Each structure stands twice: as structure tokens, then as C-alpha cells.
Amino acid sequence: MNASLLFVEFLPLVVYILVDAWKGFRAGIVAAIICTVFMVAYNYYLFSEFDKFILGEAVMIIAMGLVS
């Protein structure tokens, strides 16, 4: 596994934690959703296809973020 891909996998979680501590809950959720979109785009850029696991993770993060 590529180290940059592993970093991108955990990026929404890390960004949420940092932004939540700095700016609050709502800003953390928005930042996590933006990072999730970035994660899907970066994965597509690397492999020229969408990974089902990453798309499932993105849908779950976006859905839970919108609910919360």
C-alpha cells in the first residue's frame, strides 16, 4: 500500500479532529466532508477508477455529516 494513499484514507478523520478542536463541531463536519470529496478525487486520479470501499466510506461520512 502506498504511504500517500494510507495518509489520504485517514485525512478526513484527522482534519475533523483538528478543525473541531479549533473552530467547533459544525466546522469540523464541513471540513471532513470536503476532505472526503478530496479523498475520492485523489483516489480516482491515482487509479483512474472508483474504489467501492472508498466510495462507501465517502457516502457514509457525507450522510452522517448531513444528519448531524
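T36 lies in helix α2, which covers residues 25-47; helices here are DSSP runs of H or I with at least four residues, and strands are runs of E with at least two, numbered from the N terminus. The model is a predicted one, in which local features need pLDDT of at least 70 and side-chain atom pairs count only at pLDDT 80 or more, while totals for chains, interfaces and linings use all residues. Residues are numbered from 1 along each chain as its sequence is written, and side-chain values use heavy atoms, with hydrogens and water left out.

**Confidence**

- The protein chain has a mean pLDDT of 87, and 94% of its residues reach 70 or more; pLDDT is the predictor's confidence in each residue, on a scale from 0 to 100.
- Within the protein chain, confidence is highest in α2, at a mean of 90, and lowest in helix α1 (residues 3-23), at 85.
- Where pLDDT is low, the predicted coordinates should not be read in detail.

- Apart from neighbours within four places in sequence, T36 is in contact with P12, A58 and I61, where contact means heavy atoms within 4.5 Å.
- The C-alpha atoms of T36 and I54, which are 18 residues apart along the chain, are separated by 9.0 Å.
- A31 also has its place in helix α2, and with a relative accessible area of 15% A31 is buried.
- Once neighbours within four places in sequence are set aside, A31 is in contact with V15 and V19, and its C-alpha atom is separated by 6.2 Å from that of Y16, 15 residues apart along the chain.
- The buried residues of α2 are G28, I29, A31, A32, I33, C35, T36, M39, V40 and N43.
- The end C-alpha atoms of α2 are 33 Å apart, which agrees with the 33 Å that its 23 residues should span at 1.5 Å a residue, because the expected span of a helix is 1.5 Å times one less than its number of residues.

**The residue after α2**

- S48 follows α2 and lies in the loop between α2 and α3 (52-67).
- Although S48 is not a glycine, it has a positive phi of about 55°.
- Most residues other than glycine have a negative phi, and most peptide bonds are trans.
- S48 is exposed, because its relative accessible area is 57%.

**The largest pocket**

- About 270 Å³ of space lies in the largest pocket, and the elements that give two or more residues to its lining are α1, α2 and α3.
- A pocket is an open set of points on a 1 Å grid over the protein atoms alone, with protein on both sides within 12 Å along at least five of seven lines, whereas a cavity is a set where a 1.4 Å probe fits but cannot get out; lining residues have an atom within 4 Å of a point.
- The residues that line the largest pocket are E9, F10, P12, L13, Y16, I29, A32, I33, E57, I61, M64 and G65, and α1 gives the most, with five residues.
- By class, this lining of the largest pocket has nine nonpolar, one polar and two charged residues; Ala, Val, Leu, Ile, Met, Phe, Trp, Tyr, Cys and Pro count as nonpolar, Asp, Glu, Lys and Arg as charged, and the others, Gly among them, as polar.

- F10 lies in helix α1 and, at 46% relative accessibility, counts as partly exposed.
- F10 and L55 are 45 residues apart in sequence and 14 Å apart in space, C-alpha to C-alpha.
- V59 is found in helix α3 and is exposed, with a relative accessible area of 57%.
- V59 and M39 are separated by 20 residues in sequence and are 12 Å apart in space, C-alpha to C-alpha.

Note on methods:
Buried < 20%, exposed > 50% of the residue type's maximum accessible area, 1.4 Å probe, protein only. Points joined across faces, edges and corners; volume = space filled by probe spheres on them.
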